[in-house]
Amino acid sequence: MTFDLAEQLVLFALQYLVVLALGPLLLGLGRRVRARAQGRAGASLLQVYRDLWKLLRKDVVYSESSSWLTRYAPGISFAALLAGIPLIPWLVLPTPLGYIGDLVVLVGLLALSRFIIALAALDAGSAFGGMGSTREMWMGALAEPAFLLVIFAFGGPVGSLQAGVIAASGVALGLAYVHPSLLLAIVAYVLLLLVETGRLPVDNPATHLELTMVHEAMVLEYSGRDLALIEWGQGVKLAMMIGLLAALALPWGLATSWGLVALLVAVGVLALKLAGGHYIVSIFETRLAKWRLFRVADLMTLAVVLAFGSLVLIYMVGGGA
Amino acid sequence: MSLSSAALSALDLSAAVALVTAWLCLVHRRISALVATYAIQSAAVAITVGLIAYLYQTPDLYLLAATTFGVNAVVLPWVMDRVILSLKVDRMVGMYASVRTSALVGLGLLLLSVFVAGPLAPVAEVSSGGLLPISMATLLIGFFLLLSRRKAITQVVGLLVMNNGILLAGVALTYGLGLFVELALAANLLVLAIVARIFLTRMKESFDHVDADALRALEG
């Protein structure tokens, strides 16, 4: 079943709406789960929206020594994330206008979003910004090869690097989609997700100690609507990373036909997958302490090795059962 | 048909769990985490054997699966945990090779076992493509664990991981080495765990540590 252009455009807009709306909720859910696991009540799930609304109405303050880079960086970073959203199957298969790019483009866009924020962190010349950006770029340099190998591992058996095509073959094949290599790729992806979204063994999103900050250290200079955009972008990126895993590892439940009921079910399934995925990540997080920075290299070596092992199983053993 | 294809997919997954946990054994730095991972691996191996019993209608493999689960996944980890508690040793795994080197060696061992097991695939009784290379890799990773860790207790875990690999390879090639051989192996492992416990306790009493490296000093 395929959609005509008008339907595709409506779906295209709808998935933006859903992802942009759900991103902050996902952040709120993670904070709530961690609070509960630590015996605190935790803030309401809607607190993130209130914070964003408050930040959006506040004035922006820029350092006198900063240039245009600081002013444009949040927008560019957010736009790079927005450009990546249509590359992931969120609600329907085939992905509306999904042929505009494959997962390598997605990795590039995530790298651009990270790069521009790291660059802007150096702009004002504060010490923490510099520390944060060196750490972030170092982690990024380790994570990117792992990310590409994981993508090859997911796309290898299907022969395509478009997430929509991979997910569609998963839905079509059913249980035959399961192969030993899939599990290796999933484990590698989860390790990668922790680094890409700055979760606990790597970076503590709730820290107030500048010396241990990674992402937070880079955005210390930002205020007002710029900060709101960065926070919102974090939520969207989290949704993208979990959504991509859900689409590649658990593609069942995506709608394949046009209709109100089918779309509502697809939205429900998506919300369930995102919330479930983030719930597991957050619970996992509460059981870990932050690692020494240089152990991130161990984690990413493991991710590279698992993804490579997955490729070995695909191309040298092949076939599956 | 659908039930057996589901079982086949589950077989693929549980074999993959055995491989992933073998890798995780290489990167753990705490002994208790290592033992827990070994327990998960043994459970995965037991499930794999059980699924093969179901798929190829070889009922005696059910018994093997149950024994593997009982001995390797429950009793042995429990004994190991007791040993760790009673010895009050340092909780960290002593390593000759760093975590990164170990992980990369693990990858090399997977490549090696794919090369070695590839030509053997047509001989194997179980026609799951990945099972034989995966079991060989588990065996070799266990062997590497045995070689590259310093403390006697982690070397015992390496030996046990090797045993899991041998069990899987045996089942994949010939539906097991014969039920009695496997049962005897399980009994042997139990004895091994007990001997290791006594040995480690004595070692701790005499030398105040369980670092096998330091035993070299006893050579003439």
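**Exercise 1. The nonpolar core**

Find which residues touch the most other members of the largest nonpolar core.

*Solution.* Begin with the term: a nonpolar core is a set of buried Ala, Val, Leu, Ile, Met, Phe, Trp, Tyr and Cys residues joined through C-beta atoms within 7 Å. A residue is buried if 20 or more other C-beta atoms lie within 10 Å of its own, exposed if 12 or fewer, and partly exposed in between, with C-beta atoms placed from the backbone. The largest core has 174 residues, and A146(A), V150(A), A188(A), L192(A), A303(A) and A307(A) touch the most other members. Next, look at the helices, which, like strands, are DSSP runs numbered from the N terminus (H or I, at least four residues, for helices; E, at least two, for strands). Helix α9 (residues 224-249) of chain A gives the most to this core, with 17 residues.

Before going on, a word on the model and its labels. This is a predicted model, in which local features need pLDDT of at least 70 and side-chain atom pairs count only at pLDDT 80 or more, while totals for chains, interfaces and linings use all residues. Residues are numbered from 1 along each chain as its sequence is written, and chains are lettered from A and ligands numbered from 1 in the order in which they are written.

**Exercise 2. The partners of one alanine**

List the residues in contact with A146(A), leaving aside its neighbours within four places in sequence.

*Solution.* Two residues are in contact if their C-beta atoms, placed from the backbone, lie within 7 Å. With that rule, the partners of A146(A) are A188(A), L192(A), M300(A), A303(A), V304(A) and A307(A).

**Exercise 3. Helices α5 and α11 of chain A**

Describe how α5(A) and α11(A) pack.

*Solution.* First take the geometry, where axes are lines fitted to C-alpha atoms, for helices over the stretch in contact, and angles run from 0 to 180 degrees between N-to-C directions. Helix α5 (residues 127-155) of chain A meets α11(A) at an angle of about 20°, and the axes are 9 Å apart. Angles under 35 degrees count as roughly parallel, over 145 as roughly antiparallel, 65 to 115 as roughly perpendicular and the rest as oblique. The two helices are therefore roughly parallel to each other. Then check the handedness: a crossing is left-handed if the near helix is turned anticlockwise from the far one by less than a right angle, and right-handed if clockwise. The crossing of α5(A) and α11(A) is left-handed. Among the residues that meet are A146(A) and V150(A) in α5(A), and A303(A) and A307(A) in α11(A). Finally, sort by class: Ala, Val, Leu, Ile, Met, Phe, Trp, Tyr, Cys and Pro count as nonpolar, Asp, Glu, Lys and Arg as charged, and the others, Gly among them, as polar. This contact has 18 nonpolar, one polar and no charged residues.

**Exercise 4. Helices α3 and α4 of chain A**

Work out the arrangement of α3(A) and α4(A), then look at the loop between them.

*Solution.* Helix α3 (residues 68-84) and helix α4 (residues 103-123) of chain A pack at about 165°, with axes 9 Å apart. They are therefore roughly antiparallel. α3(A) passes α4(A) in a left-handed crossing. Residues including A73(A) and I76(A) in α3(A) meet residues including L109(A) and I116(A) in α4(A). The contact has 14 nonpolar, four polar and one charged residues. In the loop between these helices lies P94(A). The peptide bond from L93(A) to P94(A) is cis, with omega near -10°. Most peptide bonds are trans.

**Exercise 5. Chain B and its contact with chain A**

Summarise chain B, then describe the side of chain A that touches it.

*Solution.* Chain B has seven helices and zero strands. Of its 220 residues, 47% count as buried. α2 (residues 31-55) and α3 (residues 60-87) of chain B pack at about 175°, with axes 7 Å apart, and are therefore roughly antiparallel.

Now turn to the contact between the chains, which takes 23 residues from chain A and 27 residues from chain B. α7 (180-196) and α11 (296-317) of chain A are the elements that give two or more residues to the chain A side. α11(A) gives the most, with 12 residues. By class, this side has 16 nonpolar, six polar and one charged residues.
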